[in-house]
Amino acid sequence: MPIEEDDRPRKKITHEIGQDLALLSVEELTERIALLNAEIDRLNVAMTKKRASKDAANSIFKS
């Protein structure tokens, strides 16, 4: 019995900066944009936490 398209495991989406985009479909490009936006959000959260830690440390040591 052949495996239907929807039953196959999906390949994990990855993106390489500078990658040739000519072979990607609109759907694949949309998925990549979502992936990259989620990563940007994650980086912004990490940066905010690091700034808060740095500011807290600076306030203690610059009394």
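Me: Is Arg 42 buried or exposed, and what is its relative accessible area?
Reply: The model is predicted, so local features need pLDDT of at least 70 and side-chain atom pairs count only at pLDDT 80 or more, while totals for chains, interfaces and linings use all residues. Residues are numbered from 1 along each chain as its sequence is written, and side-chain values use heavy atoms, leaving out hydrogens and water. Buried means under 20% relative accessible area, exposed over 50% and partly exposed in between, with a 1.4 Å probe and protein chains only. Arg 42 is exposed, and its relative accessible area is 53%.

Me: With which residue does Arg 42 form a salt bridge?
Reply: Side chains of opposite charge can pair when their charged atoms come close. A salt bridge needs a side-chain nitrogen of Lys or Arg within 4 Å of a carboxyl oxygen of Asp or Glu, and the structure holds one. Its closest N and O atoms are 2.7 Å apart, and the partner of Arg 42 is Glu 39.

Me: How are Arg 42 and Glu 39 separated in helix H1?
Reply: Helices are DSSP runs (H or I, at least four residues), numbered from the N terminus. Glu 39 is partly exposed, at 32% relative accessible area. Arg 42 and Glu 39 are three residues apart in helix H1, so the separation is about one helical turn.

Me: Which side chain of opposite charge is nearest to Arg 32, and how far away is it?
Reply: Lys and Arg count as positive and Asp and Glu as negative, with His and the chain ends not counted. Arg 32 is found in helix H1, residues 26-61. It is buried yet has no salt bridge. The nearest side chain of opposite charge is Glu 28, at 5.7 Å.

Me: Which residue has its backbone oxygen 3.3 Å from a polar atom of the side chain of Arg 32?
Reply: A polar contact is a pair of N or O atoms within 3.5 Å; within protein, one must be able to donate a hydrogen and the other to accept it, and residues adjacent in sequence count only if both atoms are side-chain atoms. For Arg 32, the backbone oxygen at 3.3 Å belongs to Thr 14.

Me: Which backbone nitrogen does the side chain of Asp 20 reach?
Reply: Asp 20 lies in the segment before H1. It is exposed, with a relative accessible area of 56%. At 3.1 Å, its side chain reaches the backbone nitrogen of Ala 22.

Me: How far apart in space are the C-alpha atoms of Met 47 and Asp 7?
Reply: Met 47 is in helix H1 and is partly exposed, at 37% relative accessibility. Met 47 and Asp 7 are 40 residues apart in sequence, and C-alpha to C-alpha they are 39 Å apart.

Me: How far apart are the C-alpha atoms of Arg 51 and Ile 33?
Reply: Arg 51 is in helix H1 and is exposed, with a relative accessible area of 52%. Along the chain, Arg 51 and Ile 33 are 18 residues apart, and their C-alpha atoms are separated by 27 Å.

Conventions. Helix = DSSP H or I, 4+ residues; strand = E, 2+ residues; numbered from the N terminus.
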